[in-house]
Amino acid sequence: LAVMLGVGLLALLIWGFGEVNVYIQSEGNAPNYLFINQWSERDWLVRMTSFRSLVAAPFYVVYLAAAGFMLLGALYDERRDHSVLFWKALPVSDLTTVLSKLVLAAWIAPVVVIVCAVTAQAVLLGVFSFYLSNTGIGDPWLLWQHAGLVGGVVHLLMGFLIQGFWVLPIAGYLLLISVAVPRQPLLWALM
């Protein structure tokens, strides 16, 4: 599964980062769009925005699925295995327990997503830099100069902060389903 995910991610990155054509050319010269030294600022902006988005997308999809299942199972699983008695024994209110699960899904888990996405972006930029330095089709420093990792992190932080507030009604609904249904909370949530 990890190999398939890696190959799929690499294919998405190649597709999003630039044009890829397989051809045979008699002169042996590479086409102009491969030379990143000739890209305009607009080309850089479009390609690097696509690159950052395509690298972050798998992490975001996994986050959405994990947060949904975590919220659906949070209180349901505690009732089922009687670990709710542990939480009742602690000197915290039920409201605090529920809010901790909500805050974890809405704002803390996205920080992990951001760290993973930015790490993957930096690793892939390192791989692309190594490729550029070995093939001579461009200056690796230009790649890092236009990567926009800091701006991307700020963009992701602001987006997840706003999304955390936007998703509160949905998360509350999933927690309500988790506490109210006798079994199969996923089916109840979809109805």
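Tutor: Helices and strands here are DSSP runs, numbered from the N terminus. Keep in mind that this is a predicted model.

Student: Where in the protein chain is confidence lowest, and where is it highest?

Tutor: For the protein chain, the mean pLDDT is 79, and 79% of the residues reach 70 or more. Over residues 19-27, though, pLDDT stays under 50. Where pLDDT is low, the predicted coordinates should not be read in detail. Going by helices, the lowest mean is 59, in α1 (residues 2-17), and the highest is 92, in α6.

Student: Let's go inside, then. Which residues touch the most other members of the largest nonpolar core?

Tutor: That core has 18 residues, and the two that touch the most other members are L71 and L175. Elements giving two or more residues to this core are α2 (41-81), α4 and α7 (168-180). The largest share, six residues, comes from α2.

Student: And which residues is L175 in contact with, leaving aside its neighbours within four places in sequence?

Tutor: Remember that L175 is one of the pair touching the most other core members. With those sequence neighbours set aside, its partners are L71, A74, L75, V98 and L102.

Student: How many residues are in the second, separate core?

Tutor: Among its members are W44, L132, L143 and L149. The count for this second core is 15 residues.

Student: Is T97 buried or exposed?

Tutor: T97 lies in helix α4 (residues 94-135). Its C-alpha atom is separated by 9.8 Å from that of L75, 22 residues apart along the chain. The cut-off for buried is under 20% relative accessible area. T97 has 7% relative accessibility, so T97 counts as buried.

Student: What about M158: how does it count at 45% relative accessibility?

Tutor: M158 is found in helix α6 (residues 149-166). Exposed would need over 50%, and buried would need under 20%. Because its relative accessibility is 45%, M158 counts as partly exposed.

Student: Which residues form a nonpolar patch on the surface?

Tutor: M158 is one of them, and together the patch residues have about 500 Å² of accessible area. For the protein chain, the accessible surface comes to about 12,200 Å², with 74% belonging to carbon and sulfur atoms. The patch is formed by V150, V154, M158, L161 and F165.

How values were computed. Residues numbered from 1 in each chain as written. Predicted model: local features only at pLDDT ≥ 70, side-chain atom pairs only at ≥ 80, totals over all residues. Heavy atoms only, no water. Patch = residues over 30% accessible without salt bridge, like charges linked within 9 Å, V, L, I, M, F, W, Y side chains within 5 Å. Areas by Shrake-Rupley, 256 points an atom, 1.4 Å probe, with all protein chains shown as cover. Salt bridge = Lys/Arg side-chain N within 4 Å of Asp/Glu carboxyl O. Helix = DSSP H or I, 4+ residues; strand = E, 2+ residues; numbered from the N terminus. Buried < 20%, exposed > 50% of the residue type's maximum accessible area, 1.4 Å probe, protein only. pLDDT = per-residue confidence, 0-100. Contact = heavy atoms within 4.5 Å. Core = buried A, V, L, I, M, F, W, Y, C linked by side-chain atoms within 4.5 Å.
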